Structure formats: C-alpha cells, structure tokens
Amino acid sequence: MPAPHPAPSAASQAYPRRWLALFVLLLAAFMNLIDVTIVNVALPRLQVSLDATSTEIEWVVAAYVLAFALGLLPFGRLGDTIGRKLMFQAGVVLFTLFSAACGLAPSMQTLIVARVFQGLAGAMMMPQVLAIAQLMFPPQERGVAFSLFGLTAGLASVAGPLTGGLLIGADIYGLDWRPIFLVNIPLGVLTVVATAMLVPQTPSNPALRHDVGGIVLAALTVFLLVFPLIEGHSLGWPLWTFVMLGLSAVSAFAFQWHEARRARANLSQLLPVTLLHNGGFLLGMTIVTVFFSGVAGFFIVLAVFLQTGFGLSPLESGLTTVPFPIGVLLASIASGRFAGRWPRLRIAGGAGALILGMILLFVVVRSVGQAVDHWQFVAPLLICGFGLGTAISSLFQTVLANVPPQDSGSGSGALQSFQQIGGAIGIAITGQIFFSSLAARLGAGIPAGQAYVDSMGNALVFEILAFVAVILLLLFLKPAPAQGVHGGARPVQPVAEA
C-alpha cells in the first residue's frame, strides 16, 4: 500500500483526498462524542448491575470528563511534536482498547479506571482532528468542512440516548449495558484502517519541549477541587475535604507562578503566561466553566430520576431526552445564518432560553404524581437544547476574541479544557444536591416518588442559577469583533453534553 500523501502547506495545492479523510476524522469525532451521551442513559442500569453507590455513578462520567480535560493541552502539544497523524492513530487505538475494557469491566472500580484511560485516549485524538482538517483544506473550503464537525456533534447528541436505550433494551447475548462500550470496537478498527489509507502525514517538530511541571500542577489543581466535591456528600464532609478545596487554590497559585517562571526563562508553557494575565480571557474561562457546569450534571440526575425514580426503561428514558439534542441541532443550523453577528446577544439569548426551559422543567417535575408523562418534557427540553445550541458557538467565538493571534492555539485548547472542567464541577455539584436531598428525604420516611421529585427540583435550582450567573458575567465581557476570532485562530468545536 503506498504511503499517504503529506498534508499540503498553505501555499500548495489542497490535499486531493481531503473529503474522504475528513469522513475518517468525523468518524473518530462521532465515536468520542456519542460516548459522552450514550453513557448517561445507562447509569441507573450500571448502578444496579454493579451494585454501585451514587458517588461511583458520578465518577463513571466525571472520571472520563476530567481525564479528557487534563489531556487536551499536553496531547495537543505532543501532536505538534511527534506528528498529528501518529498521535491521532495512537488515540484511536487506545480509545478502542479501553472501550473494550469498559465493556468487560467486572466491577465499578475497574470501570472507573478504564474510563480514566478512555478519556485520556479521547484527549489524544480530538485535538489532532481539527488540526489535521485545518491543514488539508484551502481557506475557501474550511467553512464547509468545519460546519460538518458541528453537524456531527449534533447527530451524536441525538444518536447517543437512542442508541444507548436500544442497545440496553436489546440485551444482546445477555450483555445488558456492556454493548454501549463494546460498540466502539468495530468503529475504532474501521477508523484505524481508514486513517492509514486516507489521512495525510503531518510535519512534526521534535524541537518543542513539554511543560511537565505545568501538566502536573494543572492536574493536581483540578483533582484537589473536584474530588472532594464528588466524594464529600457520601462521606459526611469530613475535614480533609475542606483541606483539599483550600489546597486547590494553593496549587492554582503554584501553577501560575510556575508558568511565569518558565516564561521569564523563555521556555514553553502549558498555558502561556500572556493568557494568565489576560483579564478578558480569564473572565471568558469563568463564563465557560459556569455555563457548562449547568449542563453536564443535569443529564445524570435526569436519567436516575426517570429510570430509578419512576421506572422508565433506558429506551424510554433516552426517547424522553431526545428533544434536547434536537433543539441543539436546530439551533446549530439556525446559528449558521448569523455569520458571527451579535455574539454576546446570542449568548445571553441562549442562556435566557436555558433559564426558561429549566423553569418550565421545574414546574413539570413538581407536578409529577405516580407516573411520568414523557410528553410534558418535550417543550422544556426542546427550549433548553435550542438555548444551548444558540449560545455555544457564540460563546467560544467571543472568548477567543480576547486571545491574541500568537496564542490562538493554546487559547483554543484551554477553552476546551475548561469546558470539560466546568462539566466535571457541574457533575459534582448537581450530584451533591440531588443525591444528598434524596438520601435525606428517604431517610425521613418521605415516599420514594415525592423524594425523587423534591431532589430533582432542588438540582434544577442550581442549573437555573448557573445560567443567571452567565448572563450577569456577560455584562463585563468585552464584545467580540464582528469578524469573529482573531486572525487565523482555529475554529473550536465544543464537545456534546447532552
């Protein structure tokens, strides 16, 4: 088999097999994105099958999200060092292997560890996807190519809950929930083979050096913050949880000092110190973190509410949540017509729609009696999804507008990392509210149905407050230029959350 063509330079002719290669990249992106959405539907079944605690259920999602967030920046840089195609191939191979490990896990502890490595593998391949696409396409075709990434994210959001429900409901060979992970194996094998044949080689830069200290401090900071938030409610908030939260601030300060010291020595930094001193960028990171904290945890507790609380099957639960990703998809299509205009207004409008949808959902949940009527969830979830789809691309555009051109790559990677960190924090806080409320009410002898209704309502209050905070923080964020991101900044595709 002949060696693949090298990726063309900006001045040379476009890569001739770029559209076939794009399909391969989209297949890998779809595999990663659907894995995010498919797991939520299976969580209640996982809890029963593996006799898991509520905290362990949170870790099934949070472990993946955290590992993915922490791996994006270093693995993105490693792709620059050793070649993006090689890093992409390694990521796909490992993602496939650890998907198999997840599907064959004999215990919850094994599953959580496998999810950590699966998240790291996802972080190996995803930064390379956009970087390779950027090299393959001439400027006049990039708009169409990158729009297909958004469409893929939308389709994965819709397909995830349905596929998860169908696979679990089919109980293939008595495997119960395991096929939701095992389905990645044929997709991964196909992607590996097609990558070798179609995806171009990319130049490497072995002279680049890695900021190992920055990677360690960044990982430590996030771990010290998120671990006690997830574990605290099940352990009764012992003193060490508060000590860890305090140490997370110390570790964050140490990270900033370390990056500044490397900058003074003209060494590479995990997160350029110019961004750490960029007030607009830091405010944007805060908004991204708060925004995504209001999305990720919601679907975990909703699945538990529908399945454990009111006896819906995984397929019925998946069908109930489908209006949300449909709303995202519709808004993504509609947003393309705005061509970067009025980004802050669209963020505020999207957050406002999420607030409205969550309030309507709160009313619906509080009205639930002996059984759930899934038709009552259609309008609130559709509005929430439309709000997310309306806000998300404008949010990324506006935040990156505060990044100078020379830092656009690092800014894009940091943005995706903070998206995932916000999701992990949201999982911790929403899970804390829901499961603590549920335990307290069940312990007080309140009927199970009412206990689930009360707990879900309390969790929704946090979601509403998160999006209110986004609108308030937007008042202080500098508007983006009309043309979007600076100079040649690479478009950033958010990971599906539904």
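Predicted model: local features only at pLDDT ≥ 70, side-chain atom pairs only at ≥ 80, totals over all residues.
Residues are numbered from 1 along each chain as its sequence is written, and side-chain values use heavy atoms, with hydrogens and water left out.

The chain has 18 helices and zero strands. Both are DSSP runs numbered from the N terminus: H or I over at least four residues for helices, E over at least two for strands. Among contacts with a separation of 6 or more, 83% are between residues 24 or more positions apart; contact here means heavy atoms within 4.5 Å.

Now the helix pairs. Two packed helices are described by the angle between their axes and by the distance between those axes. The axes are lines fitted to C-alpha atoms, for helices over the stretch in contact, and angles run from 0 to 180 degrees between N-to-C directions.

I will start with helix H12, residues 296-309, and helix H18, residues 448-474. They pack at about 165°, with axes 11 Å apart. That makes H12 roughly antiparallel to H18; the classes are roughly parallel under 35 degrees, roughly antiparallel over 145, roughly perpendicular from 65 to 115, and oblique for the rest. The crossing of H12 with H18 is left-handed, meaning that the near helix is turned anticlockwise from the far one by less than a right angle, with clockwise giving right-handed. From H12 the contact takes Phe298, Val301, Leu302, Val304, Phe305, Thr308 and Gly309, and from H18 it takes Tyr452, Val453, Met456, Ala459, Leu460 and Glu463. By class, that is 10 nonpolar, two polar and one charged. Nonpolar covers Ala, Val, Leu, Ile, Met, Phe, Trp, Tyr, Cys and Pro; charged covers Asp, Glu, Lys and Arg; the others, Gly among them, are polar.

H12 also meets helix H13, residues 314-321. Their axes come within 9 Å and cross at roughly 130°, which makes H12 oblique to H13. This crossing is right-handed. On the H12 side the contact consists of Leu302, Ala303, Leu306 and Gln307; on the H13 side, of Pro314, Ser317, Thr320 and Thr321. The contact of H12 with H13 has four nonpolar residues, four polar and no charged ones.

Next, the aromatic rings. How many aromatic pairs are there? The count is 14, with rings of Phe, Tyr and Trp (its six-membered ring) pairing if their centres lie within 6.5 Å, and planes under 30 degrees apart called stacked, over 60 edge-to-face, and the rest tilted. Tyr64 and Phe68 form a stacked pair, at 6.1 Å centre to centre with 10° between the planes. Both sit in helix H2, residues 54-82, four residues apart, or about one turn of the helix. Tyr64 and Phe68 are both buried. Elsewhere, ring pairs link a cluster of Trp59, Phe223, Phe227 and Trp240.

A few single residues follow. Gly91 is in helix H3, residues 84-103, and is buried at 0% relative accessibility. Its C-alpha is 6.3 Å from that of Gly122, 31 residues away in sequence. Leaving aside neighbours within four places in sequence, Gly91 contacts Ala121, Met124 and Met125.

Gly122 comes up again with Pro127, which touches Leu72, Gly76 and Gly122, not counting residues up to four places away in sequence. Pro127 lies in helix H4, residues 108-136, and is buried at 15%.

His258, in helix H9, residues 239-264, is buried at 9% relative accessibility. Outside four places in sequence, His258 is in contact with Asp211, Gly213, Gly214 and Leu217.

Last, backbone angles. Asp176 has phi near 60°, positive in a residue other than glycine. Asp176 is in the loop between helix H5 (139-170) and helix H6 (179-182). Is Asp176 buried or exposed? Asp176 is buried, with a relative accessible area of 15%. Asn266 likewise has a positive phi, near 55°, and is in the loop between H9 and helix H10 (273-276). At 72% relative accessibility, Asn266 counts as exposed.

Conventions: Buried < 20%, exposed > 50% of the residue type's maximum accessible area, 1.4 Å probe, protein only.
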